[in-house]
Every structure is written in C-alpha cells, then in structure tokens.
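Let us read this model together, one feature at a time. Keep the sequence and the structure in view.

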Amino acid sequence: MAKTLACIVTDPVGLYATPAMDLIEVAKTFDSDFTLTYSGKTVNLKSMMGVLSLGIPTKAKIVITADGEDEETGIKAVHEKMKELGIIG
C-alpha cells in the first residue's frame, strides 16, 4: 500500500530548483514510484521539469506519495531530506 506524506512548505522562497534537485536525487535512489501533488496537479517526483512546473510557493500544501517495494524507507528518506533542506519545518 502506498505511503503518503502531507506537509506545508515553509521555505520563504517555496520549492525552488536547488532543493528540488536534492529531493529528486533522494527519490531516485529508491525503486518505488514517487509523486508530488500540489493544487490538484500530480507530477513524478523524480522529474525536475515536473516538480518545477508546479511552481510551489511558500505555505503551499503538498502531498508526496511513494508506491513500491521500498516505499516505507523511501518516504522516510524524502521526509528527512525535506527537513534537512528547510523545505518543511
């Protein structure tokens, strides 16, 4: 069963290119499929163009979903990286 992580972006600039790339690199280390949903649109979290196309601002509510055999460790790793980068509080 897929694992989800709902959070609010606290970075004052939102989810911009530099932290997005770091987040994508973490997601790519897992076999599970990762998606990022914002404002009714869902993209592949392993795609830089997809993530940046959402234009996620500060205080945005986002949902990340991991689905696959390593989804549990994958979603935890993404959550930790988001906290480390200051994307979320």
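**Reading the fold**

Q: Is Phe34 buried or exposed, and why?
A: Buried means under 20% relative accessible area, exposed over 50%, and partly exposed in between (1.4 Å probe, protein chains only). Phe34 has 2% relative accessibility, so Phe34 counts as buried. Phe30 has 16% relative accessibility, so Phe30 counts as buried too. Across the chain, 42% of the 89 residues count as buried.

Q: What should I know about the model and its numbering?
A: The model is predicted: local features need pLDDT of at least 70, side-chain atom pairs count only at pLDDT 80 or more, and totals for chains, interfaces and linings use all residues. Residues are numbered from 1 along each chain as its sequence is written, and side-chain values use heavy atoms, with hydrogens and water left out.

Q: How is a pair of aromatic rings described?
A: The distance of the centres and the angle of the planes describe such a pair. Rings of Phe, Tyr and Trp (its six-membered ring) pair if their centres lie within 6.5 Å; planes under 30 degrees apart count as stacked, over 60 as edge-to-face, and the rest as tilted. The structure holds one aromatic pair. Phe30 and Phe34 form this tilted pair, at 6.3 Å centre to centre and with 55 degrees between the planes.

Q: Which elements make up the chain, and in what order do they run?
A: Helices (H or I, at least four residues) and strands (E, at least two) are DSSP runs, numbered from the N terminus. The chain has three helices and four strands. From the N terminus, the order is β-α-β-β-α-β-α.

Q: In what order do the strands form the sheet?
A: Two strands pair if DSSP finds at least two bridges between them. The four strands form an open sheet in the order 1-4-2-3, with antiparallel pairing. Strand 1 (3–8) and strand 3 stand at the edges with a single partner strand each, so one side of each has no neighbour in the sheet.

Q: How many bridges join strand 2 to strand 3?
A: Four bridges join strand 2 (residues 33–38) to strand 3 (residues 41–44), and the two run antiparallel. Leu36 stands opposite Val43. Thr35 has Asn44 as its bridge partner.

Q: What radius of gyration does the chain have?
A: The radius is taken over C-alpha atoms, and the globule rule is 2.2 Å times the number of residues to the power 0.38. For 89 residues, a compact globule would have a radius of gyration near 12 Å; the chain has 11 Å, which agrees. The C-alpha atoms fill a box of roughly 35 × 25 × 20 Å along the principal axes.
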